[in-house]
Amino acid sequence: MSDDIYPVPETWAKTARIDAATYAKDYARSLSDPTGYWLEQAQRLDWMTAPTLADESDFTEEKFAVRWFADGVLNVSANCLDRHLEARGDQVAIIWEPDAPTASPRHITYRELHAEVCKFANALKAKGVRKGDRVTLYLPMIPEAAVAMLACTRIGAVHSIVFGGFSPDALAGRITDCDSRIVITADEGCRGGKSVALKTNVDAAAKLSSSVETIIVIKATGADVPMTEGRDFWYGDLIAEADADCAPEPMNAEDPLFILYTSGSTGKPKGVLHSTGGYLLWASLTHELVFDYRDGDVYWCAADVGWVTGHTYIVYGPLANGATTLMYEGVPNWPSPSRIWQVVDRHKVNQLYTAPTALRALMKEGDSYVTATDRSSLRLLGTVGEPINPEAWRWYHQVVGEGRCPIVDTWWQTETGGQMITPLPGATALKPGSATFPFFGVEPKLVDAEGKVLEGAAEGNLVITRSWPGQMRTVWGDHDRFFQTYFSTYPGTYFTGDGCRRDADGYYWITGRVDDVINVSGHRMGTAEVESALVLHKTVAEAAVVGFPHDIKGQGIYAYVTLNSGETPSDELRKSLVAWVRQEIGPIATPDAIQFTPGLPKTRSGKIMRRILRKIAEGDISSLGDTSTLADPSVVDDLVANRVGKP
Ligand code: WT7
């Protein structure tokens, strides 16, 4: 681990909104006077009724609640659109950069976006969508995705976005779980020159999920897709008929805003529910301070709206702040590894926010793809999703940012709504690989396995001891699971599932998940989910899945598979199992290695010893530890002998 320090550049210290002294002072106040601090911050939003209450949360089992600003009333779309119209109606809200560099970008002003959102909100109403109804979105990265999100918020509907890379099965499960009657999709998506059959997938999902009554289809590529009379409607037709006048629905701060499914350590993905007031405040405040967003800046978060990063930092945070947000349809390295930097140059991007996995993939191609571009517009760089290795950090800093741009390595989660441990560019001296310090109001602690709080320099499990406005409110349909998953391990605190080290200077270094969740290219995957998919295959008797270090993806997926008697291992079967998992969950769950094994290492009580499987997958066979408690220690020899070489 690296311990060299990058001080705040002088130009930044001079113009900082939050300098080191202000950070220390405001952070202390955010903890000592949370009500005063947060009611003051809340004024950055436009309330129909301003809140007089701030935090009423309680993490104990008896009084368990997460609740903020509970007497406040507001509307998210009014905050993201209407309130900007007077001062910046003609400013560009969304710059859309299409997948192919030869296609034309689109520039959508706040006034145009407002009109389109109002029309679509009216169209949704006409299709019977009411306040509180769930609407599933399965969309490519096109501006209409933001329109659909904001249109839902305008009428108080709860959106649930399903990433376009998920399979029809995974989509159907998510539609059914939140009982959506309506799905918004596109004919096709387009990423890296390849098309994604979104409408076809929705048709297949609708067969599996009986709740779907209406499908609205956006024409994105113009592909010929089948439309079912009475169920399927073209977005363009609905917009053409719709009125551009739609009053924003008054929403209580605690009313649900959106559901986003995420993987956990158990099989079924959880519907993480965020609420209206606290979430929007957290999105807006962190976006402004962490990225130092200033009027006139062009800001680019290169994520997908299918993930929480896209929700908070492509759409809600930037638009609440009246920013110009860039939305990119494609992937960072197509048609060439220069693409991301060419987009920066084309739109004169000032802040860029991306994932370490993308940086590692680009770094591998060599510096020339970067240095061939100008990048002088860049002022700040950010990363999110997984720990960044110091080598990639330095490359980002030196080669991409030419030593000029602070890097904000931001730690947070789907559950936290927005950034939690992060540098503030004008305040924080950086250490490559450290997410540095907590944001205002965030009180992190490290605990050992027994829950004892560790002080000073230490390594342990990361917990957060009090609520913050952006915290998730519940697991959709299963409030008890919300409590059990996050608040029962270390009573009275929110357990993040991450391991973390704090150094002698108080810097936080996230070390990765300590539960059965693996982080593949910055996306969370439950090992249990991949296992469930594998055992559904007719040849598979049993499966165990672990993560292993992967140069580009951060972690890869390693599956141990025991076949039913009579089945023979083969490369062909290996290929069909990989294809099977892709079909069951989606390409993001593609196993990197499959090892056939006659048996799994189990204790006498039948528990799989994952520790051993992880070691073997990592290739660390010299330190397998005590295997004597295994029911059949000889399986380990077989596992070691037939390890799949570094894939
Ligand atoms: C998990 C959350 C945050 C939005 C994207 C992922 C890991 C996230 C960092 C970081 C080290 C990080 C954690 C966390 N993670 N950011 N800067 N440094 N690890 O959201 O899918 O909910 O995953 O991503 O392990 O728990 P998510």
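This is a predicted model: local features need pLDDT of at least 70, side-chain atom pairs count only at pLDDT 80 or more; totals for chains, interfaces and linings use all residues.
Trainee: Why is T309 called buried?

Mentor: Count the neighbours. T309 has 24 other C-beta atoms within 10 Å. The cut-off for buried is 20 or more. So T309 is buried.

Trainee: Where does T309 sit, and which residues is it in contact with?

Mentor: T309 is in helix 11. Beyond its neighbours within four places in sequence, T309 is in contact with C301, A303 and V384.

Trainee: What makes helix 11 largely enclosed by the rest of the structure?

Mentor: 13 of the 13 residues of helix 11 are buried, so the helix is largely enclosed. After helix 11 comes G322, with a positive phi near 65°.

Trainee: Which residues does UniProt list as "binding site"?

Mentor: The unreviewed UniProt entry lists R191, G192, G193, K194, T309, N333, S521 and R582.

Trainee: How do you know that they do not all gather at one spot?

Mentor: Take the farthest two C-alpha atoms. They are 23.4 Å apart, and the residues span 392 residues in sequence, so they do not all gather at one spot.

Trainee: Which residues are closest to the ligand?

Mentor: P387, Q413, T414, I510 and R524 are the closest, in a shell of 24 residues. The shell divides into seven nonpolar, 12 polar and five charged residues. Helix 11, strand 18 (407–410), strand 23 (494–502), strand 24 (508–513) and strand 26 each supply at least two of its residues.

Trainee: Strand 24 again. What makes strand 24 an edge strand?

Mentor: Strand 24 pairs on one side only. Strand 20 (453–454) does likewise. Both belong to an open sheet of five strands, in the order 20-19-21-23-24, with antiparallel pairing.

Trainee: How do you know that strand 19 and strand 20 pair?

Mentor: Count the bridges. Strand 19 (residues 444–447) and strand 20 share two, in the antiparallel sense. Pairing needs at least two bridges, so the two strands pair. L446 stands opposite L454 in strand 20.

Trainee: And strand 4 with strand 5? In which sense do they pair, and over how many bridges?

Mentor: Strand 4 (residues 134–138) and strand 5 (residues 158–161) pair in the parallel sense over four bridges. L137 stands opposite I161.

Trainee: What makes strand 4 mostly covered?

Mentor: Five of its five residues are buried. R134, T136 and Y138 are on one side, V135 and L137 on the other. In a regular strand the side chains alternate between the two faces of the sheet. Here both faces of strand 4 are covered.

Trainee: Which residues have the most contacts inside the largest nonpolar core?

Mentor: A148 and A559, in a core of 200 residues. Helix 6 (residues 143–155) gives the most to this core, with nine residues. Away from its neighbours within four places in sequence, A148 is in contact with F120, L137, L139 and I184.

Trainee: What do the buried residues of helix 17 pack against?

Mentor: They pack against strands 25, 26, 27 and 28, and against helix 18 (571–584). In helix 17 (residues 527–535), T527, E529, V530, E531, A533 and L534 are buried.

Trainee: How do K348 and T436 count, as buried or exposed?

Mentor: K348 has 12 C-beta neighbours inside 10 Å. Exposed means 12 or fewer, so K348 counts as exposed. T436 has 22, so T436 counts as buried. K348 is in the loop between helix 12 and strand 16 (351–354). T436 lies in the loop between strand 18 and strand 19.

Trainee: Which peptide bond is cis, with omega near 0°?

Mentor: The one from W334 to P335. P335 lies in the loop between strand 15 (324–328) and helix 12 (339–347).

Methods
Residues are numbered from 1 along each chain as its sequence is written. A nonpolar core is a set of buried Ala, Val, Leu, Ile, Met, Phe, Trp, Tyr and Cys residues joined through C-beta atoms within 7 Å. Two residues are in contact if their C-beta atoms, placed from the backbone, lie within 7 Å. A residue is near a molecule or strand if its C-beta atom, placed from the backbone, lies within 6 Å of it. Ala, Val, Leu, Ile, Met, Phe, Trp, Tyr, Cys and Pro count as nonpolar, Asp, Glu, Lys and Arg as charged, and the others, Gly among them, as polar. UniProt positions are given in the numbering used here, feature names are shortened, and annotations may be inferred rather than shown by experiment.
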